[in-house]
Amino acid sequence: MFYVSVFFQYMSQYLKTKLQYRTDLFVEFFSDLMFQAVNLIFILVVFGHTQVLNGWTRDEIIFIYGFFLVPFAVFGAFFNIWDFNERYIVRGEMDRVLTRPVHSLFQIILERMELESLLGAITGIIIMIYAGSRLDLVFHWYDIFIFILFVLGGTLVYAGIFISLATISFWSDARSSIMPMMYNIGNYGRYPIDIYNRVIRYILTWILPFAFVGVYPSAYFLGKKEWYGYAFLTPVMGLIFFMIAVFLWNAGVKRYRGAGN
Amino acid sequence: MANAIEVEKLRKEFKSYSSRSGLIGAFRDLFTRNYKIIRAVNDISFTVKQGEMVGYIGENGAGKSTTIKMLTGILTPTSGKVIVNGMNPHKEREKFVQTIGVVFGQRSQLWWDIAVQESFRLLKKVYRVSDQAYKEHMEHVIETLDIGPLLDKPVRKLSLGQRMRCELAAALIHNPPLLFLDEPTIGLDVLVKLKIRKFLKEINEKYNTTILLTTHDISDIEALCERVIMLDEGKIIYDGSLQELKANWGEGKQIQFQFAKEVAQEELNVLTADLKVQWQAGERENVWTAHVSPTDMSDVIGRVVAKYEIKDININEISTEEIIRNIYEEGVVYG
């Protein structure tokens with residue numbers, strides 16, 4: 001309960017800060033919207049040339065892409081701590097975080113919140129509706145809950161992987177280029193998994209399970225029965241990977257060396 | 001009275017590697033590294049009673065910050081025992097930090113973009129302070145530190161002195177029984193310094209707050225602390241009252257003579273051969289300083305004045321700063 005109220009306190013602070021810079025807010029909102037619109041057109045144009053990919057139709061691929069954008073947007077809004085090393089370790093902000101009576105990871109997530117990322121989810125949903133209507137998909141009332149569950153699962157998979165990567169900074173303070181590389185790998189999750197060879201498929205399922213952010217959960221909504229097992233593993237994988245990340249984080253905090261003054 | 005801080009054989013080691021020189025060295029570093037273990041804090045022990053104000057001093061790199069970071073639960077000690085407010089700081093971190101306040105002079109605790117009062121409100125939530133407790137306690141703090149007019153300004157628009165006062169108020173929102181101040185007056189002007197010192201004294205008297213203070217400004221310590229702990233190369237070299245330190249080291253006076261004509265050191269030595277005097281050449285021409293014990297003072301002045309023509313005389317007490325510098329130069333505390 002306490003954590004929920006702290007969360008809303010931070011969120012209202014965040015909104016206040018954003019509202020303070022009125023022009024900034026408008027410019028940012030507008031440019032985010034433009035970015036999403038360009039993104040949307042780009043996706044339709046690119047996928048316009050593909051017809052069938054290993055048994056997946058063009059619209060199914062577009063649907064997967066649309067789904068992927070939703071957990072990715074939620075991840076971007078709350079767990080995007082790519083600058084953790086520089087900001088908190090090198091500049092020593094971690095010292096401050098550790099002197100406050102709230103879990104350190106929770107504090108950092110709240111401080112690095114970027115709610116404008118959530119706009120991406122709207123793009124994602126528009127894409128899904130577009131592709132879904134062309135595919136004549138049937139939706140049940142409970143699908144909305146399954147959708148939320150899968151989005152949360154996918155978000156936690158993403159968050160787990162990136163938080164785990166951020167904890168590397170506790171052991172080595174050298175800057176690494178692993179983060180941008182991981183963003184690239186993350187993109188592979190939004191294409192049908194069976195177009196890849198076995199090794200890559202295995203990696204994207206069990207080691208860096210980005211497939212659980214895009215293909216697997218989408219397969220449920222697309223009615224691909226052979227993938228249902230994987231689809232319902234999504235929230236489980238999310239929880240497992242997020243728990244691993246929290247465990248690594250706690251171990252890392254014990255190793256924290258602090259920055260010199 | 002209970003002890004606020006108990007430290008026994010506390011040690012912190014850092015592993016750092018020294019890189020070899022040159023390109024070939026860099027390649028060798030890739031495979032085998034020369035690790036060196038640096039002991040930043042070396043088996044120190046001390047206790048601080050509730051309500052004490054202790055000055056923790058040392059040169060840069062002596063281990064002050066490392067100790068404070070272990071006491072506040074930021075760093076995990078390599079070995080040794082730390083009990084602060086009856087808890088183990090890094091084990092029960094979240095519960096523990098509720099009972100301490102921390103100010104790092106060189107790092108802001110406040111949010112840069114939002115108004116000071118918004119930062120306070122956020123901290124109030126984080127520390128679970130009730131509205132009533134906040135009102136009772138913070139109204140007084142805000143008034144004493146004179147930050148009322150600053151509350152609706154964002155932190156980035158404040159001057160250093162204004163910011164420091166707000167930082168101090170922020171650290172006290174939950175009225176902690178123990179306050180850690182790491183160089184709270186660094187870079188501040190005299191007026192702000194005085195205000196902060198007065199405030200610290202006040203909360204110490206009012207709430208019996210324990211204060212551990214590190215600083216490079218000895219006048220802070222003179223104004224606030226009865227007790228000093230002096231650190232050098234990770235070890236405690238002095239722990240006791242400031243008075244005693246001064247009495248053992250600061251005995252004696254310095255008399256500075258400005259002579260009208262050139263004088264040789266031998267002449268002066270011969271003149272005061274039977275007294276306990278050390279002559280030292282001053283920075284300007286024909287200026288000599290005599291370090292004497294108080295009993296010989298009048299003798300020295302009498303003899304010098306009788307023999308030479310004097311332009312000016314100054315009598316100084318040895319300052320605390322000088323005492324501490326002397327101690328660091330010799331590395332040991334006598335007495």
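Two residues are in contact if their C-beta atoms, placed from the backbone, lie within 7 Å. In this predicted model, local features need pLDDT of at least 70 and side-chain atom pairs count only at pLDDT 80 or more, while totals for chains, interfaces and linings use all residues. Residues are numbered from 1 along each chain as its sequence is written, and chains are lettered from A and ligands numbered from 1 in the order in which they are written.

The contact draws 21 residues from chain A and 24 residues from chain B. On the side of chain A that touches chain B, helix 1 and helix 5 (93–98) each supply at least two residues. Helices (H or I, at least four residues) and strands (E, at least two) are DSSP runs, numbered from the N terminus. Helix 1 of chain A gives the largest share of that side, 7 residues. By class, the side of chain A that touches chain B has 6 nonpolar, 9 polar and 6 charged residues. Here Ala, Val, Leu, Ile, Met, Phe, Trp, Tyr, Cys and Pro count as nonpolar, Asp, Glu, Lys and Arg as charged, and the others, Gly among them, as polar.

Helix 1 (residues 2–20) of chain A meets helix 4 (residues 116–126) of chain B. Their axes come within 10 Å and cross at roughly 170°. Helix 1 of chain A is therefore roughly antiparallel to helix 4 of chain B. Angles under 35 degrees count as roughly parallel, over 145 as roughly antiparallel, 65 to 115 as roughly perpendicular and the rest as oblique. Axes are lines fitted to C-alpha atoms, for helices over the stretch in contact, and angles run from 0 to 180 degrees between N-to-C directions. Helix 1 of chain A contributes A:Ser5, A:Val6, A:Gln9, A:Tyr10, A:Gln13 and A:Lys16 to this contact. Helix 4 of chain B contributes B:Glu118, B:Leu122, B:Lys125 and B:Val126. By class, the contact of these two helices has 4 nonpolar, 3 polar and 3 charged residues.

Chain A has 12 helices and 2 strands. Along the sequence, chain A follows the pattern α-α-β-β-α-α-α-α-α-α-α-α-α-α. The C-alpha trace of chain A spans about 60 × 45 × 35 Å along its principal axes.

An unreviewed UniProt entry lists residues 25–49, 61–82, 115–132, 144–171, 199–221 and 227–249 of chain A as "transmembrane region". Residues 25–49 of chain A are 96% helix and 0% strand, with end C-alpha atoms 37 Å apart. Residues 227–249 of chain A are 96% helix and 0% strand, with end C-alpha atoms 33 Å apart.

Chain B has 12 helices and 13 strands. Chain B is divided into domain 1 (3–247) and domain 2 (251–317). The C-alpha centres of these two domains lie 44 Å apart. The C-alpha trace of chain B spans about 75 × 60 × 45 Å along its principal axes. Chain B has a radius of gyration of 25 Å, whereas a compact globule of 335 residues would have one near 20 Å.

How values were computed: UniProt positions are given in the numbering used here, feature names are shortened, and annotations may be inferred rather than shown by experiment. Domain bounds come from an automatic or database domain assignment. The radius of gyration is taken over C-alpha atoms; the globule rule is 2.2 Å times the number of residues to the power 0.38.
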